[in-house]
Amino acid sequence: MDEVEAVLELAGVSKTFDGVRVLHDVTLTVRAGEILGLIGENGSGKSTLIKILSGYHSPDPGARIELDAASFIHQDLALVPSMTVLENLRIARFDTGFGWRIRWSAERARVGRFLKQVGLDVHPDTRVGDLSVTEQALVAMARGLADIEETGSSHPLLVLDEPTAYLPNDGVRRLFGVLRDLAADGAAIVFVSHRLDEVRELCDRVAVLRGGDLVAVVSDQSEKELLRLMLGRPVEELYPDTPSPEGEPLLSVDGLSGGTLADLSFTARPGEIIGFAGLPGSGYDEVPYLLTGARPAGGGRVRFDGQELAAATLRPRSAIRLGLALLPADRAHTGCAPALTVRENMTLPTLPAFTRFRAVVNQRRERRAALEQVERFAVVPRRTETALRYLSGGNQQKVLLAKWMLGQPKVLALHEPTQGVDVGAKREIFAHLSDAAAAGAVVLLSTVEHEDLAHLCSRVHVFHGGRCRRVIEQADLTPGRLAEAVYAS
Ligand SMILES: Nc1ncnc2c1ncn2[C@@H]1O[C@H](COP(=O)(O)OP(=O)(O)OP(=O)(O)O)[C@@H](O)[C@H]1O
């Protein structure tokens with residue numbers, strides 16, 4: 001292995017933010033042709049390390065970083081949906097000929113070459129927004145290759161930060177195929193993911209970060225062993241016991257429509273955790289938003305806690321007042337206020353509970369409540385006055401869930417609540433959902449994580465083409481059956 005060229009060499013890489021060291025003396029080599037997995041709990045320093053590689057952060061003095069050319073593909077892909085594939089790939093560097101005219105035919109041929117390399121058979125003039133999520137991920141890969149070609153490097157580094165988060169199974173397979181081909185051609189690949197099964201399947205070696213230390217670089221380890229290395233302790237059971245729902249329905253939904261969803265009816269009793277599954281765009285992912293007024297419903301009625309109303313009249317503010325809380329998937333844009341502190345984010349919907357004389361916020365009480373939630377949800381760092389944007393993705397998610405729990409919602413509607421969340425935090429989030437259900441709330445869970453649905457839900461509604469086509473009851477719920485129902489045409 002030693003004779004293979006090192007594409008990335010790190011030695012003594014540390015990073016300190018405001019006196020807190022979040023990376024300690026990381027030393028690591030990645031070679032041409034190698035796919036290296038990078039794993040670690042939320043807040044362990046993965047993003048910070050990658051941001052140092054991309055030049056976004058400078059490391060603490062004394063670090064050595066040797067890297068020729070690199071391209072970075074982030075989870076949100078950073079594509080412009082309204083622009084064509086060609087424009088996305090060649091943005092800001094069109095090949096110009098005589099008189100600065102863009103040579104469109106040369107551009108198309110060039111872009112076509114990169115698309116072929118990632119196995120994507122679409123016309124360069126197709127709008128990116130019209131492509132499937134898998135195709136968009138492959139366009140992002142093609143753009144990475146185009147960027148690298150500009151540098152002329154024969155052994156580039158490609159860094160992928162949770163690229164499979166939004167991909168269906170066949171998309172993951174296609175992406176992995178492309179990555180393997182690229183590695184065979186001499187690229188080095190760093191693959192950051194919370195999905196240990198995928199990391200094990202794809203990667204030659206796995207680097208494990210824990211609390212800013214690179215604690216191990218291993219190959220051929222079981223998922224359990226990788227988890228133990230990540231957490232620094234043996235793994236506990238991921239899924240809590242879920243309560244048995246009782247009593248009359250707390251929530252009845254009749255003919256709910258809106259967005260891609262048509263005519264959904266169901267009832268939920270207090271303590272019930274109900275799942276919604278399907279492929280992107282099948283309607284399963286509309287439910288949390290329509291029921292909390294975050295997206296306007298086109299029709300349908302909702303009976304909730306003794307009141308009946310037209311779904312179309314629901315607005316976020318009235319939903320919060322009624323006790324309907326939404327945890328959206330896109331937390332960066334819709335779920336939080338990144339510039340506000342952890343405390344401010346946490347008490348935003350419940351602020352009136354901390355005010356005296358309808359105006360003055362009792363700051364001591366507010367701080368105490370926020371701190372209690374930070375402790376309860378094991379948010380890292382255990383501080384309430386840090387701006388939310390400085391927390392790692394998984395810890396931001398814990399803060400947002402803690403925010404809604406503070407108001408003791410009667411219905412908790414969640415879309416991909418464990419997106420980007422590590423196994424330890426996942427366990428905590430599930431335990432909190434189970435506690436909320438045990439306290440009598442209804443939990444509605446829209447997610448692509450079939451394993452989670454199978455373990456947590458009393459029933460899962462499966463969607464195709466905007467409609468609920470099947471309801472699988474707890475006794476028949478397995479991840480395999482769910483996947484079959486979701487992918488069956
Ligand atoms: N700009 C910043 N200022 C202050 N602290 C920061 C900043 N960026 C990151 N941190 C802190 O550095 C630590 C490591 O965060 P990082 O985002 O690298 O973790 P991560 O492993 O990528 O987590 P996740 O899996 O949740 O994305 C965290 O405690 C985070 O709060």
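**Strand pairs and helix contacts**

Visitor: Which residue in strand 14 is the bridge partner of Arg301?
Guide: This is a predicted model, where local features need pLDDT of at least 70, side-chain atom pairs count only at pLDDT 80 or more, and totals for chains, interfaces and linings use all residues. Residues are numbered from 1 along each chain as its sequence is written. Strands (E, at least two residues) and helices (H or I, at least four) are DSSP runs, numbered from the N terminus. In strand 14, Arg301 has as its bridge partner Ala310.

Visitor: Which strands are the edge strands?
Guide: The open sheet has 4 strands in the order 11-10-13-14, paired antiparallel. Strands pair if DSSP finds at least two bridges between them. Pairing on one side only are strand 11 (261–268) and strand 14 (307–310).

Visitor: How do helix 13 and helix 14 lie, roughly parallel or roughly antiparallel?
Guide: Their axes, lines fitted to C-alpha atoms over the stretch in contact, come within 11 Å and cross at roughly 10°. Angles run from 0 to 180 degrees between N-to-C directions, and under 35 degrees counts as roughly parallel. The two helices are therefore roughly parallel.

Visitor: Which residues of helix 14 does helix 13 meet?
Guide: Contact means C-beta atoms, placed from the backbone, within 7 Å. Helix 13 brings Gly394, Lys398, Leu401 and Met405. They meet Ala425, Glu428, Ile429, His432 and Ala436.

Visitor: How many residues of helix 1 are buried?
Guide: Buried means 20 or more other C-beta atoms, placed from the backbone, within 10 Å of a residue's own. Lys46 and Leu49 are among those buried. Of the 8 residues in helix 1, the buried number 6.

Key
Buried ≥ 20, exposed ≤ 12 C-beta atoms within 10 Å, placed from the backbone. Parallel < 35°, antiparallel > 145°, perpendicular 65-115°, else oblique. Contact = placed C-beta atoms within 7 Å.
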